[in-house]
Each structure stands twice: as structure tokens, then as C-alpha cells.
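Please consult the sequence and the structure alongside the points below.

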Amino acid sequence: MPTVRLIVPSRFEIVEELTLLIERITEQMHFDSDDRDNIVIAVTEAVSNAIIHGNRNDEEKKVQISIVTSDKKITIRVKDEGEGFDPNKLASPLEPNNILKENGRGIFILHSLMDKVKFDFSAGGTEVIMTKYKKPLQKSRKSLTLRTI
Amino acid sequence: MQIKEEIRDDVAVLYLKGNLMGGTDSTELHEKVKSLIADKVKKVVIDLSKVKWMNSSGLGALMGCMTSLKNADGELKISGATEKIRNLFMITKLITIFDTYETAERAVASFKS
């Protein structure tokens, strides 16, 4: 399966550049525009989290990103060099006590925008693994053409 | 991200252009609002019509601006949110917190009604 692997420093300019890359990949995969937007935002969330909360803005620490694509889905893995966290202990940002807070929405947004989100802490740091499936009619331009005929 | 400021009577309109995704962009926006408050400008519209991408850091920056204004007896209104930004407001339920308008003109006018 086609794979893109990147190892980048913990700098915010990277997040901007990644939006362009993910836009291009998801466009080539023929995701619809809503899903393309959702994937781009989810990737910016995951990488921002890795930079801020994982690597604590330490530019010496790296963020590893891998993007695996197939006819049916895109899977993006984002790994930092931080100390990890307990996803079960995150408070819901929708609770009345939390809704006015400035922080605490990143992981919630990941879960809302992607079809599957998992965390792996086994290799040190935090690795977020997130997947978006293509809707049946989006499978490929070729299959759309065949349907039309 | 660029911030263009326009003062209309006693209302400041901040037109943002680019991405609002954390880092210095979020800090700059909050600092801008704080400087308006220091200058006694407490009615602020943030126009998002030229913001392409926003994530939770951008939402946090908007919340920070809103809180600073509220603490100073001021008010924040949001205009021009694109569909994808409105979608973020919806899923985080911030649509119930932010006072949103289609255009900056309408947001400014709402301060007078």
C-alpha cells in the first residue's frame, strides 16, 4: 500500500505544510470535500498535540508521521517523544464546567472527525493511529465511471 | 496569519486571514484583543471569512478572547465562519457559546440593536 513517512521537528510551520500535503493526498484518493476537510483538521490536531503536549515545544524532539493509503481508507499515524497520557482520564469538553475552557478539545475533535482513533503507548511516547474510510460511492473515479455507463 | 483591524464607531473588527491553528497565531490574536481592551475598546468582532483552517488551538484562542472581553465587561461576536469552521463550532457545542453572524456588517450592527 502506498505509504508516506515523515520525521519532522516540533515546529508549528510543519502543521501548515502538512495541510497542503494531506489536502493533495485526500484529493487524489477522491474523498469528498467534507471528509477531506475532516482529515486535514484531524491531522493538524494530532500533530499540534504531539508538538505541544507530547514534545513540549522542544524543537530537538521529533514528530513521526506515516500516511498509508488504499482504495478504501487512509490511515495516519502520528508519534511524539513525550511521556504519554491516559486517554480515559480526559474530561469531556462538552460538560458545562469545561465548555468555556481554552484547552481540552483536541482529542475529542479527533474522535469526532475520524472513523477510528487509537492510541499506542507501547514504544514510548504517544502514537495516535487514526483511520478514515471512503464512502462507497467515493471508491474511485473508475468505479464511478463504470456505474454511469 | 494576518490580522487587519478596522474601527467602526466603538466597535473593532479584526479580519483574520490564513490559518488559526495554534503557535504564534493564537497568541497574536489574544494579544491583539488584550491591547484593544487596554485602549478601552470592548466591543469586538472577529471575522473568520478568510480563515482557511482552524483546529482546537484556534477555538481555544477564540475562547481566550471571549473570556478576556467578558472579564472587562466587553463582548465578542464572530462573523463569516465558513462551513468547516461552523462544523467545528457544532461538534464542540461552541455554537451555543459564540454569538455568530454571517457578515462583519451584521455583527457590528448587532451591537447597536
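Chain B and chain A bury about 2000 Å² between them, with 62% of it on carbon and sulfur atoms. The model is a predicted one. On the chain B side, B:Met21, B:Trp53 and B:Ile91 lose the most area to chain A, together 27% of what that side buries.

**Interface of chain B and chain A**

- The contact comprises 25 residues from chain A and 28 residues from chain B.
- Across this interface there are 2 salt bridges; in one of them, the side chains of B:Lys52 and A:Glu23 meet at 3.1 Å, N to O.
- Polar contacts across the interface amount to 4 residue pairs, both residues at pLDDT 80 or more.
- Helix H1 (24–38), strand S3 (43–54), helix H2 (56–71) and helix H3 (83–91) of chain B each supply at least two residues of the side that touches chain A.
- H2(B) gives the most to that side, with 8 residues.

**Aromatic pairs**

- Over all chains, the count is 4 aromatic pairs.
- A:Phe85 and A:Phe119 form an edge-to-face pair, because their ring centres are 5.3 Å apart and their planes stand at 80 degrees.
- A:Phe85 lies in the loop between strand S3 (73–79) and helix H3 (106–113) of chain A, and A:Phe119 in strand S4 (residues 116–120), so the pair ties together parts 34 residues apart in sequence.
- The rings of A:Phe119 and A:Phe121 are stacked, since their centres are 6.3 Å apart and their planes at 15 degrees.
- A:Phe85 counts as partly exposed at 32% relative accessibility, and A:Phe121 counts as partly exposed at 30%.

**Charges over rings**

- The charged end of B:Lys84 sits over the ring of B:Trp53, 3.7 Å from its centre.
- B:Lys77 lies over the face of B:Phe111, at 4.8 Å from the ring centre.

How values were computed
Residues are numbered from 1 along each chain as its sequence is written. Chains are lettered from A and ligands numbered from 1 in the order in which they are written. This is a predicted model: local features need pLDDT of at least 70, side-chain atom pairs count only at pLDDT 80 or more; totals for chains, interfaces and linings use all residues. Side-chain values use heavy atoms; hydrogens and water are left out. Rings of Phe, Tyr and Trp (its six-membered ring) pair if their centres lie within 6.5 Å; planes under 30 degrees apart count as stacked, over 60 as edge-to-face and the rest as tilted. Helices (H or I, at least four residues) and strands (E, at least two) are DSSP runs, numbered from the N terminus. Buried means under 20% relative accessible area, exposed over 50%, partly exposed in between (1.4 Å probe, protein chains only). A charge sits over a ring if NZ of Lys or CZ of Arg is within 6 Å of the ring centre and within 35 degrees of the ring normal. Contact means heavy atoms within 4.5 Å. Buried area is the accessible area (1.4 Å probe) that two parts lose on being put together, summed over both. A salt bridge is a side-chain nitrogen of Lys or Arg within 4 Å of a carboxyl oxygen of Asp or Glu. A polar contact is a pair of N or O atoms within 3.5 Å; within protein, one must be able to donate a hydrogen and the other to accept it, and residues adjacent in sequence count only if both atoms are side-chain atoms.
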